[in-house]
Every structure is written in structure tokens, then in C-alpha cells.
Amino acid sequence: MRVLIWRLLLLASVWSTCTGVANWCYQSQVACNSSCKGPDSWHDVHEDCTKDKQSPINIVTRKTKLDHKLTPLIFRGYQEVFSGNLKNNGHSVKVSVPHLANVSGGDLRATYKAVQFHFHWGEQGGPGSEHTIDGEQYPMEMHIVHMRQDFKSLEEALKDKTGVAVLGFFYEESRSANRKYDKLIQALTKVEHPDTNTTLSDISLSSLISSEENMTKYYRYEGSLTTPSCTESVVWTVFEHPIPLSKEQLSAFSSLKFTDGKPMIKTFRPVQPYKGRIVHRSGSTVVMISFTLLLVCSALGLSQLY
């Protein structure tokens, strides 16, 4: 009997070592000697990770539904220069937004205040975005996390199904460096190890994203946080037009380290099933074209066609 019990304890020990405990991690960290649970086991960390409105998703463009209410978003305070805390939290690199910057419009049902932004990436500039477009995975994706302005904290906002709005931006490799990202890329060298932080000075949100004319095309759907607790309280806006970074700039993120000391690479959750959800696409481009045609026709005396 003692021999049987000892063998069972040994098997339990090996299983625990190979499957991990309650800590979550990305697939790139999963190994027999790791002590974490990868994306396929996140439901063991938090039950919400198996619900019906999970993120990210693969956006199939031909199945999206045109919505003319998705007009260009209104950004306030995005041009203001600020200094934020940049931290390696062991899973990603996150920057706090300490000043009042908010987004509204585009059929958002409220005004949402920016709280922080963070990134998801691949390995040395390889595929790494969380959302994909028609199966294409971009090298990196930035999420600017906002909470509804009537809430006092992000934790409180997550208790409401429309409490959080996240703006998702893709990145693409370019031949030349994006100089607007110099300060951020340089700051990464100071947060190589987990639980380290530094001050990222004199930046603005507008300098990190696309120009307003390149943000008229986007997708909207109801989803969740893309890390545990996978809470389904997120109104997602994913922009179509990617931001350019050089190969060297994209690769700089791979120099960071996870909590377990492994290279921080492939920091993305696999795409999740739709489960009946509809993804809407903005109709602003169509509206702008129609308006332009109206002006042309008016100038030519063809207004009767309308």
C-alpha cells in the first residue's frame, strides 16, 4: 500500500510540474518544466476564459456587416504630451496614461478615458498580433485601454458589459525606422527584466497612432480582455491601417524577459470562436465618397440624380 501511495504521489508531482499550477502564461512559455498554464488551459485560471464573447478573433472581412453609424472617432487629449510609467509586468510591457485623454463618437455609447496601453508581439519581428484579418497575423498589435468615464477605476468598469473600450492597432514592417517611436524603443532597454519600470517622457498618444485620415476604416465587435480574467466587458475597435516600424524596432520587444526568465516572445492569445457574434465595419469611407460625389454632381448641375 505504501509503495502504491508513493507512486501516486510521484505521478501527481510529475503531472503538476508538466501542467503547471494557477499561473497563466503564453504558449511560448509552456514546457514540461514550466509551472504555468498556457492559453488552452486558461479556463483553469479563470472560468470566464471559456465564455461566448472571447477575444481576440480572426476578422473575416467578407462576413463583416457595414454600419454607417461607425463614423470617425473623436479623440480629445491625445495630442497632449505626458510622462508615463513604462513597466515590464512579466507578460508584456505596459505604459500608464496619467492625464485626461478620451475617445468618443463612432457609435460608442459613452466617452471613454484612456488608462494604459500595451503591446503584443511575435519573435524578432515575426507574426505576433492578437487579432488577424482574413487569417493574416501582423508582427505586433497595440491596445489602448479605456474605461467609461463614469467609473472610478478599471476594476469597477470591468463589472459592466460596456465598461471598457479598447482600440487595437496593427503594425507592419517598414524599410525605415519610425522616429516617433525612438523614445519608446530606447526605454525598452531599461525594462528588460520583469517587475522593472522606467519613466517614458515627453510622448503623446497621437504620436504613436495613425493619422486621423488613416483611422476611418475600422472594425467593431463585443469581446473580452485577451488575458485572464478574460472578462467580457470590452467594446473592441480594431483599425485596419497598420503603423509602420522597422525590423529592428519590432525586434527590440523580443529582448524583454518573462517572469520565468524566458525571452518575452509570441505574447498573443490564439484567436477565439465567434459563437454567433457579428463584426461590424465602419461606413465612413463610403459616406465620404458619397459626399464627394454629391459635391461633384452639384457643381455639374446633376443634383437631380440625387
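Author: Cys36, with a relative accessibility of 9%, counts as buried, where buried means under 20% relative accessible area, exposed over 50% and partly exposed in between, computed with a 1.4 Å probe on protein chains only. This is a predicted model, in which local features need pLDDT of at least 70, side-chain atom pairs count only at pLDDT 80 or more, and totals for chains, interfaces and linings use all residues. Residues are numbered from 1 along each chain as its sequence is written, and side-chain values use heavy atoms, with hydrogens and water left out.

The partner of Cys36 is Cys25, and the S to S distance in this disulfide is 2.1 Å; a disulfide is here a pair of cysteine sulfur atoms within 2.5 Å. Both Cys25 and Cys36 lie in the loop between α1 (2-19) and α2 (42-45), 11 residues apart. Helices (H or I, at least four residues) and strands (E, at least two) are DSSP runs, numbered from the N terminus. The link of Cys25 and Cys36 is right-handed, with 70° about the S-S bond. Cys25 is also buried, because its relative accessibility is 1%.

In total, the structure holds two disulfides. In general terms, such a link is a covalent bond between the sulfur atoms of two cysteines. The other pair is Cys49 and Cys230, again with an S to S distance of 2.1 Å. The angle about the S-S bond is 80°, and the link of Cys49 and Cys230 is right-handed. Cys49 has a relative accessibility of 6% and therefore counts as buried. For Cys230 the relative accessibility is 0%, so this residue counts as buried.

Rings of Phe, Tyr and Trp (its six-membered ring) pair if their centres lie within 6.5 Å; planes under 30 degrees apart count as stacked, over 60 as edge-to-face and the rest as tilted. The centres of Tyr221 and Trp236 are 6.3 Å apart and their planes stand at 5°, so the pair is stacked. Tyr221 and Trp236 are both buried.
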